[in-house]
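I opened this entry to keep track of what I looked up in the structure. My notes follow the order in which I went through it.

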Amino acid sequence: MLKKVLLSLVIASAFGMFHYALAASFILEDIEIEGLERIQAGTVFTYLPVKVGDEFDEERSADIIRTLFKTGFFKDVALRRRGNVLIVNVSERPAIASLDIQGNKDIDSDALNEALKNVGIAKGRVFNRSVLERLENELLQQYLARGKYNVKIDTSVTDEPRNRVGISINIAEGEVAKIKRVNIVGNRSYEEKDLTKGFESGIPPWYAVWSSKDQYSKQKLSGDLEILRTEYLDMGYLKFNIESSQVSITPDKEDIYITINVDEGDKYVVKDIKLAGTFVVPEQELQELLQINPGDTFSRGKIVQTTDMISKRLGDEGYAFANINAIPEVDDETKEVSLTLFVDPGQRVYVERINVSGNQVTSDEVYRRELRQMEGGWYSQSNVELSRSRLQRLPYVESVEINTERVPGSSDLVNLDVRVTERLAGNFSIGLGFSQSQGPIISGSVSQENFLGSGKSVAFEVNTSKVNTVFRVNYTNPFYTIDGVSRSLGVSYISTDAREADISDFNSDQLNANLSYGIPLTEHDRINAGLAVSGVSIDTNTNTPDEINDFIDDEGDNYLNFSLVSSIEHDTRNRTVFANRGNLQRFNAELSVPGSDLTFYKLDYRNVVYVPLYEEFTLSVGGSFAYGDSYGGTSDLPFYEKYFAGGVRTLRGYENNSLGPRDSEDDPFGGNFRSIGNLELLVPSPFFKDAKNIQLSTFVDYGNVFAKASDFELNELRGAYGVGVQWISPVGALTISLAQAFNDQPGDDTQIFQFNLGSLF
C-alpha cells in the first residue's frame, strides 16, 4: 500500500511540474530521452505509449510516467516541453555488478543462486531493493522450515562506479533446534508412547544416529496429526477430534516442545454390515472379502481395506473403475454403527492397446513377454500388478510405471501405457579382493544381462585366489520358448589347492560343462533340470591323508562323471538382494548316472523366511540340510564333494571349513550330512537412513557337519551369536561379523572376527 502511495505522489509531482510547462495541447514533433546510461533509447521508445505525430495533452503524461515506472528500469521519471518536443528525463536504477553469498551450508550455493535469479537478482540485472527484502524473508522461511531458528541473514549493498552495486549476503545458520518432547493431552485410553510410535516428529531411537526425526517441520507435524487421527478411527473412536496443536520453542531457540490437545470421544462398535448395489460377482464371494464384522470395534482402516479388496476383485473381472462407497449410520445413544457398502461396478472395460515406452535398448518383445495383461482381453487389476512386478524384477529395469488411460470416444476401452526406465545392462569390472580364508583375490568379469537388447544373459568370469583359480562362461536365454522355458549353457575350469583352505591336503583340476532348462510352474515356482559333465584330476603329496589315498587306491585319480541335476524353487521375496519380506525355498538334487567313473548323489534343501517387524526391522529365519552318499560300486561320497561348515557363509564364529569330521592328519575332512540353522534380526543402518546397499544384523547361528546322517545328535550342534554387517561396496561385497561361539568343544577352531571382501565363486 505504501509503495502505491509513493508511486502516486511521484506521478502527481511529475505531472504537476509538467502541467505548469504546458500551455495547451500540441502535436508531437519529436521525443527526446535524457539521463540514459546503460539502457538504449530504442528500448525506452518501445515502452512509450505515444509517438511522433500524436496529439499530446496533460492527460497523456500520467500514462507515460506510469508505463516507464512499471518497466522497473528507473527510479525517477520527469517530463518537460521544449516547443513541440517532449523531453523525457529518466534516472536509471543501478545494475548488479557482483553477488557474494557466504555462510550457507544447509542450502547449496547453486540452489541459492537459482532462487535469486528467479526473483530477478543476478549479475547484470537491474537492482530493486524491494525484491531483495522479499528474498531475505524467503530465505528466512527456508531455514525456519529446516529447524534453524537462530539463523541470521545480513545483506549489504555497496555502490560501485558507473551506476552499479555489489550485493553481499552473509548467513549465520546457527544450530538446528531439536524436538525435546511431543506431548498429547486428553488421551485417556492409550499411552502417549503408543500413540506417537509412528510419528515422524519426536525423539529418534538410540540407533538412528543421523536421524532427522527430532527436526521440526510443519509438514511432518501435519502428517503426524493425520496418523494420530487414523489410529483413533481405527480403534473405534468415530468422533475423535484434534482440538489444537501448539509448537513452542525455548528462549534460547534450541529446544522445541509440541503439544497436541485431543478429544477422544466414545468407542463405537459395528452393529451390522451389508452389501447393496449391483453384483457382477456373486454376493457371497464379496461377503467373504469383508474385513470387519458385526460386533467388531469400528475401524476405518478395515473398512478401507474391505473396499480396496472388493474393488480389486471387481477389477479382476474387467470393472476397472468400480466405485465402493461405505455409508455409515451412527447411533450416538447406543454407540453403534450400521454400515452399508454400496457397490457400483460401472462398465466392464477391455484393453485395446498396450504401449511400451522408455526402452532405449531393449526390444518391445522382451517386455511384452513378461506382461500378464493381454491386449483384447478385459482389464484385470491383478494381471496389471503382476505385469509390473515381473518387469520390475528384470535386472536391466530400474523402474516401471503403468497408467490406465480411457480410449477417447469409448466408454468400455482403455489403453495401458507401460513406461520403463532402463539401467545399464552390461558390466565390465576388474577388481581386487581379500578373503580371510582365501587371501588376496584378483577378479574380472564381463557380463551383459541384456545382450543386444534381447533379454539374454552372457557372462565371462575370472577369479584367482590362493585356494581357487576359476574361469567360467555362462549363457542364459530366459525365454528359450514362448512359454517362458529357459535354457542355460555353461563351461568352467576350476583349479583347487585344498591345503590353502585348511582342509585335507590335495590338488584338483576340474573341467565342467552343463546344459539345463527351467520350466515355470507358477509365478513363484520353477523347476530346473539338466545334464552336467565333469572331468576331475587329483594330485596328492606326502601330506595327503590316508582317507584320500585309500579312495584313490579304490577309484583312481582321474574321473569322468555324467550327472543329472535338478532343482525346485519357490520364491516370493520382494527382492533378491537384502529382501525384507517373503519366502525362499530351494531343493537341489544331483545324481551321477551309471556309466560314470564315480556314482553318487547329493541332496540340498534350503528355506529362509523374511518377516517384516516394527518400522524397518526384519526377522530372518532360515535353515538348510544337505546330504550326499555313493551308490553302486563307489565306496563313498567323493572327498572333493563332501560338505563343510564354518565361516561367514555357513556358521559364523568358527573358522572356515573347520567343523565336522577330521582326517588322519587332523585336518577337516568334511562329511556326508550338514545341518545349518540361522535366526537373524535385520536392523536399519543408524548412519544412513535410506541406504539400500548396507545391512546390519544381530544373529544366532547353529549347526554342524557329520560323517553320515545317522551320526546327527542335537548336543553336537555348534552355535554362535553376534552382530554382522553386509555392504555392497564399490570394490565388491563386504561381509563382517563379530561372533561369540557357544557349545563349542575342545579342538574347535573358533574365531571372533571374520570378514570377506570381493566376490567369491
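These notes go from the whole chain to single residues.

**Overview**

I am working from a predicted model. I started with the totals. The protein has twelve helices and 33 strands. It has 761 residues, and 39% of them are buried. I then looked up the surface. The accessible area is about 39,900 Å², and carbon and sulfur atoms hold 52% of it.

**A three-stranded sheet**

In what order do its three strands lie? I read β12-β14-β13, an open sheet with mixed pairing. The edges are β12 (269-277) and β13 (323-331). Each has a single partner strand, so one side of each lacks a neighbour in the sheet. Ignoring direction, neighbouring strands here are turned by 20° against each other on average.

**Salt bridges**

I counted the salt bridges next. The total is 29. I looked at several of them.

The first entry is Arg-66 with Asp-63. Their side chains meet at 3.3 Å, N to O. Both residues sit in helix α3 (residues 58-70). They are three residues apart, about one turn of the helix.

Then I went to Asp-214 with Lys-178. This salt bridge spans 3.9 Å, N to O. Asp-214 lies in the loop between α6 (192-195) and α7 (218-234), while Lys-178 is in strand β9 (residues 178-185). The pair therefore ties together parts that are 36 residues apart in sequence. I checked the cover on each partner. Asp-214 is buried, with a relative accessible area of 12%. Lys-178 is partly exposed, at 30%.

I also looked up Arg-573 with Asp-571. Their closest N and O atoms are 3.0 Å apart. Arg-573 counts as buried because its relative accessibility is 15%, and the limit for buried is under 20%. Asp-571 is buried too, with 18%.

One group goes beyond a pair. Salt bridges link Glu-285, Arg-313, Glu-317 and Arg-348 in a network.

**Ser-534**

I ended on a single serine. Where does Ser-534 lie? I found Ser-534 in strand β24, which covers residues 525-539. Why does Ser-534 count as buried? Its relative accessibility is 15%, and buried means under 20%.

I then listed what surrounds Ser-534. Leaving out residues up to four places away in sequence, Ser-534 touches Gln-510, Leu-511, Asn-512, Tyr-559, Leu-560 and Asn-561. With Asn-512 there is also a polar contact, side chain to side chain, at 2.8 Å.

Technical notes:
Residues are numbered from 1 along each chain as its sequence is written. This is a predicted model: local features need pLDDT of at least 70, side-chain atom pairs count only at pLDDT 80 or more; totals for chains, interfaces and linings use all residues. Side-chain values use heavy atoms; hydrogens and water are left out. Helices (H or I, at least four residues) and strands (E, at least two) are DSSP runs, numbered from the N terminus. Buried means under 20% relative accessible area, exposed over 50%, partly exposed in between (1.4 Å probe, protein chains only). A polar contact is a pair of N or O atoms within 3.5 Å; within protein, one must be able to donate a hydrogen and the other to accept it, and residues adjacent in sequence count only if both atoms are side-chain atoms. Contact means heavy atoms within 4.5 Å. A salt bridge is a side-chain nitrogen of Lys or Arg within 4 Å of a carboxyl oxygen of Asp or Glu. Two strands pair if DSSP finds at least two bridges between them. Axes are lines fitted to C-alpha atoms, for helices over the stretch in contact, and angles run from 0 to 180 degrees between N-to-C directions. Accessible areas come from the Shrake-Rupley method with a 1.4 Å probe; for residues, only the protein chains shown count as cover.
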